[in-house]
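This briefing concerns a metal site and a pocket. Please consult the sequence and the structure alongside the text.

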Amino acid sequence: MKINFTSLAGVAALYLFIFMFGSCSKSGTPTPVNPCSGVTITVNGSITNPTVPGISDGKITVTASGSSSLTYNLNGGTFQTSPIFTGLAAGTYNVIVKNDNGCSGSNTFVLTDPNPCAGVIIVLNATIVNPSSAGASDGSIVATATGSTGFTFSIDGVNFQSSGTFNNLSAGNYTITAKDVNGCSGSDNFNLADPNPCSGVTINVSSSVVGTDPCGTPAGKITLNASGGVPPYTYQLNGGSFQTSNIFSNLPNGSYNVVVKDQNGCTGTATNILVPELSAGPLFSQVRNVLQNNCVSCHNPANSNGGMNWTVDCNIVQFSNRIFERAVNGNPSPMPPTGLLPVSERQKIIDWINAGAKYTD
Ligand code: HEC
């Protein structure tokens, strides 16, 4: 015991000390045995937490040992003979256990509220409205939650609002969180998609073609005209790469498929666009007749004298100069070998050569 002699309390304590112990030693009476010496009262127990947050139905059942005739006290209340304290809310409790001689032991018990979210499953549903057009920010999410009550909603996980409606949204993924009165939460992802820019779009493709001389350098041409989409368009021929020009040139005769793509990637197609062979020109046709009548007997697939087969039109075009030399000039020897054709027939060859000696002449 530390005594402060300068204080009144200290002086009083000193007199009490002398009264209790000093007087005994003076009178010679034996010092009384401390009844608690050697007595250790151990306080243990079991707890039952409140069943619902905020409800006072917790319980502490004290199990004390080390002495008998015990009484029990909770948080400085009245001592009672029962070691059971009921009707307790969550909190920290100090229990003192005392025997008849006033010897005591104590322990602390902590009662906790149950997790208010245990067993609470919050499920979100939402009605979503996609943006009205690609890139627009007029989509919305109207979220509702089930599984608890008193919900607030958040789209950023930070700011909560009582309404589950979130407006002015662009396309994207959103996580909506719903929180109940106890702070228990659930969340879910909702995706707003830009509308398909091609839905309802029909791109019409029309074409104009120029045929090609089957015996000349390929010179066919397809010119495409697209409508119905969002320009600019790009154009693809027979699965090739897309190009910005709507004209395909230098094409051999044949059938072609095209795809036209607009700015949004919407496509239109046209199939079986025919690049025709140009037909034989009148001068060529006359020469072909001359050869048919005077030459193919010796120049055909089965018997192509001098390597020449005049049943194939493009052979006539390709070897026009040799025809001229043999059948017009007779150089180095005339064709037919029996003698040059009449002048009128030879003139047909001359006219064709002078015009350019093409299939289309
Ligand atoms: C009776 C058969 C016969 C007839 C008809 C005939 N040829 Fe030939 N031709 C030949 C023979 C054989 C050769 C190969 C020998 C030669 O080059 O003289 C030949 C070779 C040629 C050659 C290839 C040689 C070269 O100079 O390049 C040409 C071109 C040719 N004839 C053009 C004609 C034409 C055009 C006609 C018709 C107006 C014709 N021939 C009619 C038999 C014929």
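Donors are N, O and S atoms within 2.8 Å of the metal; water is not among the atoms, so sites may look incomplete. The model is predicted. In this model, the iron atom of the ligand is coordinated by two side chains, His299 through NE2 and Met335 through SD, at 2.1 to 2.2 Å.

**Iron site**

- The site of the iron atom of the ligand is octahedral, with angles of 85 to 180° among its 6 donor atoms.
- The coordinating pair links distant parts of the chain, with His299 and Met335 36 residues apart.
- His299 sits in the loop between helix 2 and helix 3 (313–318), whereas Met335 belongs to the loop between helix 4 and helix 5 (343–355).

- His299 counts as buried because its relative accessibility is 10%, and buried means under 20%.
- Met335, at 25% relative accessibility, counts as partly exposed, a class that lies between buried, under 20%, and exposed, over 50%.

**Largest pocket**

- The volume of the largest pocket is about 290 Å³.
- Its lining comprises 16 residues, and those that lie nearest the centre of the pocket are His299, Met308, Trp310, Arg326 and Met335.
- Helix 4 gives the most, with 4 residues.
- By class, 10 of the lining residues are nonpolar, 4 are polar and 2 are charged.

**Where the two topics meet**

- His299 and Met335 coordinate the iron atom of the ligand, and both are among the lining residues that lie nearest the centre of the largest pocket.

Methods. Residues are numbered from 1 along each chain as its sequence is written. This is a predicted model: local features need pLDDT of at least 70, side-chain atom pairs count only at pLDDT 80 or more; totals for chains, interfaces and linings use all residues. Side-chain values use heavy atoms; hydrogens and water are left out. On a 1 Å grid over the protein atoms alone, a cavity is a set of points where a 1.4 Å probe fits but cannot get out, and a pocket is an open set with protein on both sides within 12 Å along at least five of seven lines; lining residues have an atom within 4 Å of a point. Grid points are joined across faces, edges and corners, and a volume is the space filled by probe spheres set on the points. Helices (H or I, at least four residues) and strands (E, at least two) are DSSP runs, numbered from the N terminus. Ala, Val, Leu, Ile, Met, Phe, Trp, Tyr, Cys and Pro count as nonpolar, Asp, Glu, Lys and Arg as charged, and the others, Gly among them, as polar. Donors are N, O and S atoms within 2.8 Å of the metal (3.2 Å for Na, K and Ca); water is not among the atoms, so sites may look incomplete. Four donors count as tetrahedral if all angles lie between 85 and 135 degrees; four count as square planar and six as octahedral if opposite donors are over 155 degrees apart and all others between 65 and 115; anything else is irregular. Buried means under 20% relative accessible area, exposed over 50%, partly exposed in between (1.4 Å probe, protein chains only).
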